[in-house]
Amino acid sequence: MSAPTLAASGESAGQRPGQPRRPRRIRANTSREGFARALRRNLSAHGFLLGALLCFAFFSWYPMVREFVLAFQKTEGGHTTWAGWSNLSYVFHDPAFWQAWRNTLLFTGLALVLGFALPFLVAVTLNEFRHGQGYLRMLVYLPVMLPPVASVLLFKYFYDPGYGLFNRLLGLVGLPEQQWLQSTDTAMVSVVIAATWMNMGGATLIYLAALQGIPGELYEAAELDGAGLLRKIWHVTIPQTRLILSLMLLMQIIATMQVFTEPFLLTGGAGPEGSTTTVVYLIYQYAFNFNNYGSAAALGLVLLVLLAGFSAAYVRLSRGSED
Amino acid sequence: MRSSWFRSARSPRHTAATLVSALALTALAACGTSSSADNDGAGGGSSDPSAPLDPQTKVTLTIDCMPPAAKKAELKEWKADVAAFNKKYPNITIDGKSTPGQCEEPARFTAALKAKSQPDVFYTYFTDLQQVLDNGGAADITAYVTDKTVPALGDIDPNVLGVLKQDGKLYGLPTSNYRMGLLINRKLFTQAGLDPNNPPTTWEGVRSAAKAIAALGNGVAGYGDYSAANTGGWHYTAAMYGLGGDIVSADGTKAAFNTALGKQIVSNLHAMRWDDNSMGKTQLLKWGDLQKQMATDKLGMFLAAPDDITYMVQQLGANYADFGMGPIPGGKATLFGGNDYMIKKGSSPDKIKAAIAWLNFKTLTPGKGQFEYARSKTDGLPVGLPQPAFFTGASKTQDDALKAASATMPVENFKAFMDNPVPGKAEPPKAQEIYKVLDNVMSGVLTSESADAGKLLSTAETQVNQVLANG
C-alpha cells in the first residue's frame with residue numbers, strides 16, 4: 001500500500017504531518033470578502049467606469065463590429081443576405097477608388113509638410129518670447145475654438161476667384177489671380193492650407209509644452225559650446241522632443257487619412273474633376289447617396305485596417321514613452 | 001452581509017455611483033429606442049383592402065413633412081386640414097413630424113430606412129423607390145388604392161403613377177411633380193433688352209442671352225450651372241434629354257452620352273464660361289447656390305424646376321413677379337421628378353386605409369388640402385406655379401380654374417413653359433453613381449479653360465461603363 005499523496009490526503013505541500021489542517025473555507029471566505037471589500041471601496045469608480053464602458057460599447061465598439069458584418073452583407077428587396085466579397089469587389093472596381101486614395105495620400109503628405117512642420121516652428125518661435133507668450137498662445141489657439149464649419153466657410157470666401165480676399169491681395173501686389181479651389185493643380189493645396197489654419201493651434205500647444213520641459217542647462221551647455229540657434233534646435237530641441245514629434249506624426253497621419261469636412265464644404269466633396277475626392281467622402285457617397293451601406297462598410301474596413309497599422313505603431317510608441 | 005452592502009450602498013458616494021450608472025443606462029436605452037408603441041386598429045376595421053375604412057376606426061398615424069413652426073401659414077393650414085379630416089374620421093390621430101430643412105435629406109432618409117425608423121407615412125422623392133424597396137420599407141398599396149378611396153385616381157397622370165410602381169404593384173401616392181425648364185430672371189432680361197416673355201428655347205439662344213445679361217456687369221452672370229455634389233451630372237442629364245439624347249443605352253448597360261450631342265453641351269458650356277465669360281468665375285456650385293445668385297439679381301438663367309421659385313421667394317426673400325420659365329432648351333424631352341408619400345411596410349390594413357384616406361384628402365382632391373387655393377391666397381402663400389401638375393381630365397380642368405381664380409403671381413410669366421409642354425423622362429439607372437462621374441465633366445469644363453470636351457467625355461464614358469458593369 002503506497003503512502004497517500006499530499007494532494008490525495010488534502011494536505012498542502014508546506015503542511016507538516018500532524019499539524020491541524022487550515023480550513024479552506026476560511027481562506028475562500030477571506031478572499032471573497034477581500035474582493036467584496038475592494039469592490040465596495042471602488043464602487044463609485046466602477047459606477048463611473050460602467051457608464052463610459054457602456055457608451056464605448058454602444059457607440060464605438062458595436063458600430064465597429066456592425067461595420068465588419070455589414071461589409072459582407074447586401075440588402076435587396078427587403079432581405080439582407082451574405083454577400084461574400086462582392087462589396088469589396090464593388091469598392092475596388094469603382095472608378096473613383098484609386099483616385100480617392102491618391103487624393104487622400106496627397107492630402108496627408110501635404111498636411112504633414114504644412115500641418116506638421118509649421119506648428120513645430122511656431123512653437124519654437126513662441127518659446128523664444130519672454131513676454132506676452134500667454135497672449136500669443138491664445139492667438140494661435142483661437143482658430144481651434146471656432147466652429148469648423150464657420151472656419152471653412154470663411155476660407156471659401158477667401159478663395160473665391162471672383163470676390164475672394166486672396167485674389168484681391170494678389171491683385172494689390174500685381175500678381176495674377178489664382179483659381180484656388182477651382183483648379184485641379186491647386187484645389188488640394190488650398191484645402192490643406194485651410195485645414196492647417198483650423199487645426200494647428202492644438203499641435204502648437206502640445207509642442208510648446210514639450211519645449212518648455214527641456215532643461216535650460218542643455219541650451220546653456222550648447223551655447224558654451226558655441227552653438228547658434230539652428231544648431232541648438234538641431235542638437236537639443238529636436239532630440240529632446242523626438243518622442244512627442246513621433247507621436248504627433250502618427251496621430252496626424254491617422255487624422256488626415258480620415259479627412260472629410262474640409263473638402264466636403266470647400267469643394268462640394270469631389271472638387272474639380274474629382275481632385276479632392278477623399279476616401280471618407282467616397283464612403284459618404286456610398287452610404288448616403290447610393291444607399292449602398294455594404295460597400296460603404298467595406299471601404300471603411302479597408303481604411304480601418306490601414307489605420308490600425310498606424311495605431312499599432314502609435315501604441316508602441318506610447319509604451320516607449322512610459323518606459 | 002446584506003446589511004453591510006445596504007449600508008454601504010446608502011452612502012452618498014455609492015448613491016452617486018448608482019445614479020450615474022442608472023442615468024447612463026437610461027440614456028443608452030433612450031438612444032436605442034426610436035419607435036413608439038403602435039396602437040393601430042383599436043377600432044377593429046376590416047382587413048379587406050377594398051372595404052372602405054370604418055370612420056370609427058381608431059388609428060394613430062405618424063407622418064413626416066409636417067411644416068415646421070417657422071412656416072406659420074403652412075402649419076396653420078396643416079392643423080386646419082387635420083381638424084377637417086377628423087370631422088369625418090374622429091378616431092384617427094395624425095401625429096405630424098416636422099423636419100428641419102427639406103422634407104427629405106438623403107443622409108437622414110437612408111439612415112432611417114436602414115434602421116426602419118421612418119414614420120408610418122413617409123415622404124420620398126420619385127427616385128427613391130428602388131432603395132425603399134431594397135430596404136423593405138414600403139407596403140404594397142395596390143389593392144387599397146381604388147377610385148373609391150381615391151376618387152381622382154383616374155385623372156392622375158399614369159406616367160406619374162408609373163414611377164411609383166414596380167412589377168405592377170403600387171407603393172406610393174404623389175404629392176407633387178415637376179418638369180425641368182429654363183428659369184429666368186425677368187428683371188435682368190428686361191435690363192439686358194431681352195424679351196422676358198420669350199425665354200430662349202435653344203442652347204444658341206441661351207448663349208446669346210447669357211452674353212447680353214453678363215454685359216450688364218456688376219458681377220452679373222448670364223447663365224449658371226452646377227458642378228458639385230452630383231448635381232452637375234444631374235443637370236448634364238437634363239440638358240442631354242432636352243436635346244433628345246440619352247445617358248445610358250436602352251438596355252441600361254452602356255454609357256450613351258459620348259456623342260455629338262454630348263460634346264455640343266460641353267462645348268457650349270465651355271464657350272459661355274471661357275469665351276463669353278457669361279457664367280461667372282465662381283464654380284463648383286451645387287443646389288442652393290444658383291438660387292441665391294438669382295434671388296439677388298446676380299444670375300439671368302439656369303435649368304430648374306418651378307418650385308425653385310418658391311424656395312427663392314420663401315427662403316431668400318425674392319419676388320414671384322421677378323421670375324419666369326420657359327421650356328428646357330432643345331425641347332425634345334425633359335427630366336421629370338417629384339415627391340410622394342409611401343406607407344411603412346408591416347402597417348396594419350386599417351393603418352394603410354387611414355393613411356390613404358388622409359393622403360386623398362390632403363394631397364389628391366381638387367379644392368381640398370394642398371389644392372385649397374382660396375385659403376392659400378388668404379394665408380399669403382403662393383398660388384399659380386405650374387406645379388404640381390399630375391392631374392389630367394376633369395380634375396385638371398377643375399384645378400386649373402381654381403388656381404387661376406386665386407393666383408397670387410403673374411401666371412403669364414410661365415406661359416412659355418405651360419404652352420410648350422415637353423415630354424417627361426425619368427432618371428437613368430444608377431442615377432447618383434452616374435451623376436458623380438458626370439460631375440467631373442461639368443467641373444472640368446467650368447473650372448479649366450484648357451478642358452478637352454472629348455477627353456472629359458471619353459473618361460466619363462469609361463467610368464460610367466465601369467459603374468454599370470459593377471454589380
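At roughly what angle do the axes of helix α5 and helix α12 of chain A cross? Keep that question in mind as we look at this predicted model.

In chain A, α5 covers residues 97–128 and α12 covers residues 242–256. Their axes come within 10 Å and cross at roughly 135 degrees. Angles over 145 would count as roughly antiparallel, and 65 to 115 as roughly perpendicular; α5(A) and α12(A) are therefore oblique to each other. The crossing of α5(A) past α12(A) is right-handed.

Now for the residues that make this contact. From α5(A) come Phe107(A), Thr108(A), Ala111(A), Leu112(A), Gly115(A) and Phe116(A). They meet Leu249(A), Gln252(A), Ile253(A) and Thr256(A) of α12(A). Sorted by class, this contact has six nonpolar and four polar residues, and no charged ones.

Let's move across to chain B. Here you will find 18 helices and twelve strands. Of the 471 residues in chain B, 48% are buried. If you take the contacts in chain B with a separation of 6 or more, 77% of them are between residues 24 or more positions apart.

Finally, turn to where the chains meet. The contact draws 45 residues from chain B and 42 residues from chain A. On the side of chain B that touches chain A, the elements giving two or more residues are α2 (12–32), α4 (106–115), α5 (129–134), α17 (431–447) and α18 (453–469) of chain B. Among these, α2(B) gives the most, with ten residues. By class, the side of chain B that touches chain A has 14 nonpolar, 23 polar and eight charged residues.

How values were computed: Residues are numbered from 1 along each chain as its sequence is written. Chains are lettered from A and ligands numbered from 1 in the order in which they are written. This is a predicted model: local features need pLDDT of at least 70, side-chain atom pairs count only at pLDDT 80 or more; totals for chains, interfaces and linings use all residues. Two residues are in contact if their C-beta atoms, placed from the backbone, lie within 7 Å. Helices (H or I, at least four residues) and strands (E, at least two) are DSSP runs, numbered from the N terminus. Ala, Val, Leu, Ile, Met, Phe, Trp, Tyr, Cys and Pro count as nonpolar, Asp, Glu, Lys and Arg as charged, and the others, Gly among them, as polar. Axes are lines fitted to C-alpha atoms, for helices over the stretch in contact, and angles run from 0 to 180 degrees between N-to-C directions. Angles under 35 degrees count as roughly parallel, over 145 as roughly antiparallel, 65 to 115 as roughly perpendicular and the rest as oblique. A crossing is left-handed if the near helix is turned anticlockwise from the far one by less than a right angle, and right-handed if clockwise. A residue is buried if 20 or more other C-beta atoms lie within 10 Å of its own, exposed if 12 or fewer, and partly exposed in between; C-beta atoms are placed from the backbone.
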